[in-house]
Amino acid sequence: MHWVALQPTPDAALVDAHAAWSWWALQFTPMVARVESALLLEVSGSVRLFGGEDALLDSLFKPNWPLAPVEYARGATSLVAFGRLQCASACTLPADALPLHTLAAARAHLPTLARLGLANWGQLRALPRGGLVRRFGAGLLDALDCAYGQRPEVYPWLTLPDVFDAPLELLSSVESASALLFGARRLLAQLQLWLRARQRGVLALELLWELDARRSNALHVDAHHTGGAQGRLVLRTAQPTQDMQHLARLLGEQLAQVTLPAPVLHLRLRSLQTQPLAGESISLLPEDVRHGDSLHQLLERLSARLGPQQVRRITLYADHRPERMQHWHAVADMAQAGIGKGLAAAPKSGANKAYFTGARGQNGLNDLPEMALYPSWLLATPLLLTVHQGLPQYEGGPLALVVGPQRLEAGWLDGDTHCALRDYYVARSAVAGLVWVYCERLSGQACWYLHGLYA
Amino acid sequence: MPVSAHLSSWKDARADVWQADALASAPGRVLATGDVLLNTHLPGGGWPLGALSEILQPPGVHNEWRLLLPALARSGTGAVVLVGAPHTPFGPSLGAQGLLPHRLLWVAPQASAQAGAQRLWATEQALRCADVDAVLAWLVQVRPEQLRRLQMAAAEYDKLLFVLRPEQAQGESSPAVLRLWAAPSPNGADTLEVRVLKRRGPPMDQSVHLSARASHLACVLEASGHALGRTAAHA
């Protein structure tokens, strides 16, 4: 046995079962060819590597493989294997006994051959060669020689593409964007096979769709398509992944925000950026295995549904003004700008650096005990308080100043709008408990603002 | 021999006798609250892990950090997700009190008709994440079956889950394992009044008064109080 012929059947979950099977087969041998509707594999070079013919076939058709099982046949040459595949019931027939219709080159002459009383390959081969060439042309004889191993067999070998790019024609036109997900799932399943074959994870991919030209007008199309001739959705993940469920969920969230001006007939999925994927190491101890999604999956899913600006992480800065001490970044921006986590933000000046090394001494801000006196809630914009009899009022009652003042003068280099000349007080409100207020001294007359709440 | 002394010695001797006034021993793990007085009133001696704890507060009052910060600071190194926080969390202050700011993840769904549903969804997604240690969700209007869903997710993934709700929800039924009501004491003392509305164990008839401030701040407040007192005496 040197050749395996197999017949992929159309698979509902996949876009192109032939391509999927050829990508799968390519890990067993580099010689995979497509002939008519079958795939032919030349495996003589790798039989020993996989531990024998049976072991190789076992791993090629292993049951946990997600593709549907296929019919296959073996043979000494590709044409014999292919011929045996076509008469499925008798896949162990000797080459001489194979019926003539299984030989592609003989199909054009089948009526003539039948009238000559020929039924199988052996009878055809027994005829004189000269007469055969004169009667049927050289093609038939060459094919017969190939089938019996007297001529080398050369095919255009299939290769694994560098970039995944699969089109899909939808069975019926799709009106709503979220329904595109069904088609996209099939494309994603195909993408997963490609990623596994290449041992890569996808970082960015795009889904393209074409509107049905007959039912869309130019105005719609121009409004819908920004730039190119197709609708387009780009999906990015923070870490390379082969997890198609995660991608399908992200895609679903994004598609839910798209409105289609006209029905869609064609879909296309293309990988934009991939990266080699290292294997995952799993702990031996069962208690170390934590179940659940990873953090970046959570962040991407939240950003996809709620909007990228609604999911935020903090960056601390060395500044004396409370509103400048921290900045809440959208997670997506942080990933793009390469900002590290938390305290890793680069300080700008020498003074700031001293502050930072001091602050980082104990993996946190433990060296700055006065920070613990700051409130845990900050108001996004300071709230201007009314003043009655010289005392600021909040929630209908006067505030009693308890601690302070703490004088703050900062930001004179940043211009008038950011300059701060403030006296901070901890004040007690009868309703809201302790609050953090400041008295702005810039304008000449005292203005009181509420800036934080103690929780 | 006094009867009470006799009884207590009998109680000590028979550890296998169930006593009706005892708190349930916690079925799961707990995380100490950082406050000895509060610990004694919670089953197992702390916040339950893998369960929903509900904290009810009057409007405009925020004592959540006072109650939760010590436990959150010791909860691990994973993310602490804040869903729908009422104001901007002030990272430097939280960091100085032990909760590293880079653990914080602030999810703030935009105000819209589905904001409530989105908060619930985000809370549930955060519970399903392996790298999250605790979730704090501020939910205003929520139905018991929605809370039940969160409780199931917290139990399945073994997370700390705190739901902060207005005190009007006190009358509604809730699947929470632990329900607290917390507000500043009405008598003017700087203490925090905590009432346990629901727990695994006998109902609590008296409320607990905790010091309302973390220790740093309490010291400063006390010092300034002395200073003010002296100034007043001078005058």
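Which residue of β14(A) does Tyr394(A) stand opposite? I looked, and Gly397(A) is the one.

**Ground rules.** I noted that this is a predicted model, in which local features need pLDDT of at least 70, side-chain atom pairs count only at pLDDT 80 or more, and totals for chains, interfaces and linings use all residues. Residues are numbered from 1 along each chain as its sequence is written, while chains are lettered from A and ligands numbered from 1 in the order in which they are written. My helices (H or I, at least four residues) and strands (E, at least two) are DSSP runs, numbered from the N terminus.

**Entry: the strands around β13(A).** I stayed with Tyr394(A) for a while. Two strands count as paired if DSSP finds at least two bridges between them. β13(A) covers residues 391–394, and two bridges join it to β14(A), residues 397–398, in an antiparallel run. They make a hairpin with two residues between the strands, and in that turn Glu395(A) has a positive phi of about 55 degrees.

I call a residue buried if 20 or more other C-beta atoms lie within 10 Å of its own, exposed if 12 or fewer, and partly exposed in between, with C-beta atoms placed from the backbone.

Entry: I count two residues as in contact if their C-beta atoms, placed from the backbone, lie within 7 Å. By that rule, 46 residues of chain A are in contact with 45 residues of chain B. Among the elements giving two or more residues to chain A's side are α11 (295–306), β11 (377–385) and β18 (447–453). That side divides into 28 nonpolar, 11 polar and seven charged residues. (Ala, Val, Leu, Ile, Met, Phe, Trp, Tyr, Cys and Pro count as nonpolar, Asp, Glu, Lys and Arg as charged, and the others, Gly among them, as polar.)

I also found strands pairing across the two chains: β11(A) and β5(B), residues 88–89, are antiparallel over two bridges. Leu378(A) has Thr88(B) as its bridge partner.

**Entry: helix α7(A).** In this helix, residues 138–147, I found Leu140(A), Leu144(A) and Ala147(A) buried. They cover an arc of only 60 degrees around the axis (taken from the directions from the helix axis to the C-beta atoms), so they sit on the same side of α7(A). Their cover includes α3 (78–86), α5 (121–126) and α6 (129–136) of chain A. After the helix comes Gly149(A), with a positive phi near 75 degrees.

**Entry: two loop residues.** Gln199(A) is not a glycine, yet its phi is positive, about 55 degrees. I placed it in the loop between α8 (180–198) and β6 (200–211) of chain A. Gln199(A) counts as exposed because it has 12 C-beta neighbours inside 10 Å.

Over in chain B, Asp158(B) isn't a glycine either and has a positive phi of about 60 degrees. Its loop runs between α6 (144–157) and β8 (160–166) of chain B. With 15 other C-beta atoms within 10 Å, Asp158(B) is partly exposed.
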